[in-house]
Amino acid sequence: MGGHERVAALAAGLAGERVDHRFKGLPPDADGLTVGELAAQRRGLFDGGFTTPVLVLSEAALGHNLDLLERYAQEHGLSFAPHGKTSMAPQLFARQLERGAWGITVAVPHQARVCREFGVSRIFLANEVVDPAALRWIGGQLDADPDLTFVTYVDSVRGVELMDTALREAGTRRALDVVVELAAGEGARTGARTEADCAAVAEAVAGAPSLRLVGVAGYEGEVPDADPGRVAAWLRRLVALAAGLDAAGRFGSAEEIVISAGGSAWFDVVAEVLAEVPALSRPVRKLLRSGAYVTHDDDHYRRITPFNRVPEEGSLEPAFRLWAQVVSRPSPTQAFLNAGKRDAAYDLGLPSVRAVRGGDAAGLTVTALSDQHTWLSVPPDHPLAVGDWVALGLSHPCTTFDKWPLIPVTAPDATVTDYIRTFF
Ligand SMILES: Cc1ncc(COP(=O)(O)O)c(C=O)c1O
């Protein structure tokens with residue numbers, strides 16, 4: 001069994017886990033059942049014993065988003081390594097790989113460990129790794145599995161030296177593949193600031209026997225004052241950097257040259273500019289890394305999605321709903337729900353009221369979040385009452401997934417058909 005089948009089989013094993021107090025929102029009377037047994041009961045979200053607050057994922061929205069971005073990547077000649085830190089959900093990794101994703105992107109070695117535990121054989125770690133313990137582990141993985149492809153960033157000569165020392169001290173036999181990270185501009189996040197800095201890093205890699213330069217990468221989501229023109233200009237710098245390093249013979253023994261960019265805000269511009277990559281000395285793998293698309297959201301990503309610019313190519317659907325209950329209606333204009341910062345993402349804006357079960361959501365506005373309460377402003381004559389179930393839309397995906405270790409997946413009629421396990 002190879003590739004995505006193995007990941008799918010290992011992720012399917014999560015259905016054997018026992019339901020208990022670790023998983024908030026799940027029915028207390030399901031304690032002791034396995035996740036698979038509970039899923040087979042196909043309980044209703046509203047009458048199946050679930051407790052509020054409870055986060056759910058729409059199966060239809062999830063399937064739609066997974067299909068759409070895989071198709072988008074294929075149609076634009078891009079390989080896809082969706083960012084796994086969004087969900088940290090091996091069941092979703094499996095579905096992304098099943099649909100043709102090349103591999104999974106992660107941000108830190110721990111996330112790569114989760115991927116390896118679930119059989120992912122191509123990992124793109126979009127960060128520099130400089131701690132010897134993590135490098136020892138990566139080296140061990142490379143030596144133990146000849147089929148493993150593991151690529152990580154380098155953005156400084158010192159980083160290259162630390163990596164090379166750690167890998168050599170660990171006795172790693174296979175070289176670790178690295179890509180030079182080009183910063184998205186002055187004042188942006190990580191990444192070597194100039195082409196000259198990148199060339200110096202590439203030279204350092206050439207002198208580091210434990211490393212092999214296979215490409216260039218960066219994150220256009222960090223371009224300062226981003227607009228389509230600035231993002232395209234930075235992407236052209238990235239492509240030119242790859243061509244320059246190639247002309248200088250820096251990709252030595254690499255079988256292919258990786259050029260990687262792309263989150264969920266600018267993949268249209270990434271597709272457009274990477275379509276212009278000139279012929280290089282060997283095949284080019286244009287690697288897109290979008291992650292947030294998988295659930296999309298109700299605010300930040302809804303506003304910035306590339307599909308607003310190219311509506312003819314499709315649209316993503318928000319997949320999360322956080323159901324909470326009114327636990328207090330102390331004045332005509334106030335109500336409080338029992339979900340708070342421990343349940344809802346709030347780093348990119350407050351949740352929004354999307355529905356009231358059996359009622360009317362018009363005029364209900366979230367004004368603040370406490371640790372365990374949502375503050376609602378209510379029109380004075382609104383019938384909202386203690387006990388009502390209210391659905392919140394959230395933004396953004398990473399900081400939603402990270403609050404929920406086991407998430408019910410719902411059909412349109414609110415039957416819970418599956419459960420998605422996340423790791424932090
Ligand atoms: C380096 C890098 N690549 C890709 C992504 C994925 O972007 P998005 O979350 O918009 O899908 C991120 C997100 O933070 C990132 O930091």
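This is a predicted model: local features need pLDDT of at least 70, side-chain atom pairs count only at pLDDT 80 or more; totals for chains, interfaces and linings use all residues.

User: Why does the radius of gyration of the protein chain agree with that of a compact globule?

Analyst: For 424 residues, a compact globule would have a radius of gyration near 22 Å. The protein chain has 23 Å, and therefore the two agree. Along the principal axes, the C-alpha atoms fill a box of roughly 70 × 45 × 35 Å.

User: How many of the residues count as buried, and what share of the contacts links residues 24 or more positions apart?

Analyst: Buried residues make up 54% of the 424 in the protein chain. Of the contacts with a separation of 6 or more, 70% are between residues 24 or more positions apart. As for the surface, the protein chain exposes about 16,700 Å², of which carbon and sulfur atoms supply 51%.

User: How far apart are the mean positions of the positive and negative charges?

Analyst: The mean position of the 40 positive charges and that of the 53 negative charges are 2 Å apart.

User: What makes β2 and β3 edge strands?

Analyst: The open sheet in question has 8 strands in the order β2-β9-β8-β7-β6-β5-β4-β3, with parallel pairing. Within it, β2 (79–80) and β3 (104–106) each pair on one side only, and they are the edge strands.

User: Why is Y219 called partly exposed?

Analyst: The relative accessible area of Y219 is 25%. Buried would require a value under 20% and exposed a value over 50%; Y219 is therefore partly exposed. This residue lies in the loop between β7 (211–217) and α9 (228–247).

User: Which residues are in contact with Y219, leaving aside its neighbours within four places in sequence?

Analyst: On that basis, Y219 is in contact with A184, R189, W234, G263 and R289. The C-alpha atoms of Y219 and A188 are separated by 9.6 Å, and these residues are 31 apart along the chain.

User: What makes β1 a mostly covered strand, and with which strands is β1 joined by bridges?

Analyst: In β1 (residues 54–58), 4 of the 5 residues are buried, hence the description of this strand as mostly covered. Strand β1 runs antiparallel to β10 (residues 320–331), with 4 bridges between them, and V56 has R321 as its bridge partner there.

User: How is P318 classed, and where is P318 found?

Analyst: P318 has 28% relative accessibility and counts as partly exposed, because this class covers values between the 20% and 50% cut-offs. P318 is found in the loop between α11 (300–304) and β10. Leaving aside neighbours within four places in sequence, P318 has contacts with A61, T295, H296, D297 and D298. The C-alpha atoms of P318 and A414, which are 96 residues apart along the chain, are separated by 16 Å.

Terms used
Residues are numbered from 1 along each chain as its sequence is written. Side-chain values use heavy atoms; hydrogens and water are left out. The radius of gyration is taken over C-alpha atoms; the globule rule is 2.2 Å times the number of residues to the power 0.38. Buried means under 20% relative accessible area, exposed over 50%, partly exposed in between (1.4 Å probe, protein chains only). Contact means heavy atoms within 4.5 Å. Accessible areas come from the Shrake-Rupley method with a 1.4 Å probe; for residues, only the protein chains shown count as cover. Lys and Arg count as positive and Asp and Glu as negative; His and the chain ends are not counted. The place of a charge is taken as NZ of Lys, CZ of Arg, CG of Asp or CD of Glu. Two strands pair if DSSP finds at least two bridges between them. Helices (H or I, at least four residues) and strands (E, at least two) are DSSP runs, numbered from the N terminus.
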